[in-house]
Each structure stands twice: as C-alpha cells, then as structure tokens.
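Work through the exercises below with the sequence and the model open side by side. Try each task before reading its solution.

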Amino acid sequence: MAFKFGKNIDEMCYPFMYESSSLCDFEVITDELCGHIGAIISHLPEDMPDIAADLEQIQPLAFHINGSIRGRLAVSEEDQAWLQQRLNHYKAEVPERLNGFVLPRGSLPIPQLHLARSACKKAIRVMVKIDQEGKEVPMLLPRMCNMLCNFFFVLTLVINQRRGLVEPEFISRSYGKNV
C-alpha cells in the first residue's frame with residue numbers, strides 16, 4: 001500500500017512523513033532531540049543557571065541540525081568551537097568522573113539528558129544511512145551530534161555531582177578483562 005496525504009491538512013503532521021529515504025527519519029529524531037532539550041531546560045534546578053544558559057543556546061542548534069541536510073547547512077564551525085569550549089568547561093568540573101562507565105541514574109533532568117544523548121546517537125546512525133543512500137551529509141553534522149552526545153553525558157555527571165549523587169559504576173562482562 002502506498003501512503004499519501006489526503007486533502008485534510010489536519011491529517012498531515014509533516015510534509016515529508018511518507019517519503020522512503022532515511023532523511024525524514026533524521027528530521028524526526030532531531031525534532032525529538034529538540035523536545036528532550038526543552039524538557040531538560042524545564043526541569044533544571046534554579047541554582048544551575050550556567051547549564052540553563054548553555055542548553056538555551058543548544059536547543060535551537062538541534063533544529064538547525066534538523067534542516068541542514070534537506071536545506072542549507074545551518075550550523076557552523078563556530079558553533080562547534082563554542083560547544084567544545086562549553087564541554088571542556090564542564091569536563092573540568094568532573095575530571096575524576098570521566099573514566100569508565102556509569103549506570104544512568106539521577107532525578108530530573110538526568111533521564112532526559114540520557115534520552116537526548118541517545119537521540120544524538122540515533123541521528124548519527126541515520127546520517128550514515130543517508131550518506132549510504134547517496135545524499136551527501138556535511139561532516140560537521142555528525143561531528144556536532146557526537147559532541148552533543150558527549151556534552152549531555154558530561155552534564156549528567158556535573159548535575160549529579162552538584163547534587164551529591166555518585167552514579168554506580170558499570171563494569172561490562174562483554175568487554176575488557178575477563179573477571
């Protein structure tokens with residue numbers, strides 16, 4: 001069965017929803033990412049204005065990333081450099097916590113940060129598919145999504161540390177030394 005829009009505009013949430021390429025999947029995932037960032041902002045404690053200010057700058061970047069394959073590239077090396085600077089800032093706050101894996105734990109907005117991190121990974125994977133389908137993906141986009149993923153993870157460590165919570169360490173049975 002071929003899907004197509006009818007005449008009722010209320011039955012259309014997005015004009016590209018029924019296309020067969022992975023591009024629409026990318027746009028849906030980055031839309032989801034933008035929503036997760038909004039939830040993170042709304043659940044941030046008032047005593048973390050530095051994080052709120054950074055996320056308020058990052059949220060529109062998610063929508064700029066969203067349209068940067070179908071439309072014009074709307075993020076820049078300057079955006080990436082700013083993100084790197086902010087990531088370095090937060091990494092300096094939790095240097096001893098950056099080695100190893102932890103179980104995702106913590107109260108709001110920690111779960112949303114982990115969901116945003118996962119949405120970044122999904123977006124990267126779909127960009128790989130889009131590229132394999134023959135549509136060129138500017139390398140800045142996966143670079144930025146990778147850094148956003150790391151940024152969101154580091155924010156979980158920073159927020160939890162500021163709250164006095166230490167996430168349980170995760171030791172994989174699949175990788176590393178046999179125990």
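Predicted model: local features only at pLDDT ≥ 70, side-chain atom pairs only at ≥ 80, totals over all residues.

**Exercise 1. Compare the span of helix H2 with the expected span, then list its buried residues and what covers them.**

Step 1. H2 covers residues 49–66, which is 18 residues. From first C-alpha to last, H2 reaches 26 Å, close to the 26 Å expected at 1.5 Å a residue.

Step 2. Taking buried as under 20% relative accessible area, the buried residues of H2 are Ile51, Ala52, Asp54, Leu55, Ile58, Leu61, Ala62, Ile65 and Asn66.

Step 3. The cover over these buried residues includes helix H1 (23–43), helix H3 (77–93) and helix H5 (140–163).

**Exercise 2. Find the aromatic pairs and classify their geometry.**

Step 1. Two quantities are needed, because a ring pair is described by the distance of the centres and the angle of the planes. Ring centres must lie within 6.5 Å, and planes over 60 degrees apart count as edge-to-face. The count comes to 2 aromatic pairs.

Step 2. Tyr90 and Phe151 are 5.8 Å apart centre to centre with 75° between the planes, an edge-to-face pair. Tyr90 lies in helix H3 and Phe151 in helix H5, so this pair ties together parts 61 residues apart in sequence. Both Tyr90 and Phe151 are buried.

Step 3. For Phe151 and Phe152 the centres are 6.1 Å apart and the planes stand at 70°, so this pair is edge-to-face. Phe152 is buried, as is Phe151.

Step 4. Through these ring pairs, Tyr90, Phe151 and Phe152 are linked into a cluster.

**Exercise 3. Describe the largest pocket: its volume, its lining and the elements that supply the lining.**

Step 1. The volume of the largest pocket is about 390 Å³. It is lined by 17 residues, and those closest to its centre are Phe101, Arg117, Lys121, Asn150 and Phe153.

Step 2. At least two lining residues come from each of H3, strand E1 (101–102), helix H4 (110–132) and H5. H5 gives the largest share, 5 residues.

Step 3. By class, the lining has 11 nonpolar, 3 polar and 3 charged residues.

**Exercise 4. Is Ile130 buried or exposed, and which residues is it in contact with?**

Step 1. Ile130 belongs to helix H4. Its relative accessible area is 1%, which is under 20%, so Ile130 is buried.

Step 2. Leaving aside neighbours within four places in sequence, Ile130 is in contact with Ser22, Leu23, Phe26, Ile69, Lys135 and Val137.

Step 3. The C-alpha atoms of Ile130 and Cys24 are separated by 9.7 Å, while the two residues are 106 residues apart along the chain.

**Exercise 5. Locate Pro109 and state the form of the peptide bond from Leu108.**

Step 1. Pro109 sits in the loop between E1 and H4.

Step 2. The peptide bond from Leu108 to Pro109 has omega near 10° and is cis. Most peptide bonds are trans.

Key. Residues numbered from 1 in each chain as written. Heavy atoms only, no water. Helix = DSSP H or I, 4+ residues; strand = E, 2+ residues; numbered from the N terminus. Expected span 1.5 Å × (residues − 1). Buried < 20%, exposed > 50% of the residue type's maximum accessible area, 1.4 Å probe, protein only. Contact = heavy atoms within 4.5 Å. Phe/Tyr/Trp six-rings, centres within 6.5 Å; stacked < 30°, edge-to-face > 60°. 1 Å grid on protein atoms, 1.4 Å probe; cavity = no way out; pocket = protein on both sides within 12 Å on 5 of 7 lines; lining within 4 Å. Points joined across faces, edges and corners; volume = space filled by probe spheres on them. Nonpolar A, V, L, I, M, F, W, Y, C, P; charged D, E, K, R; others polar.
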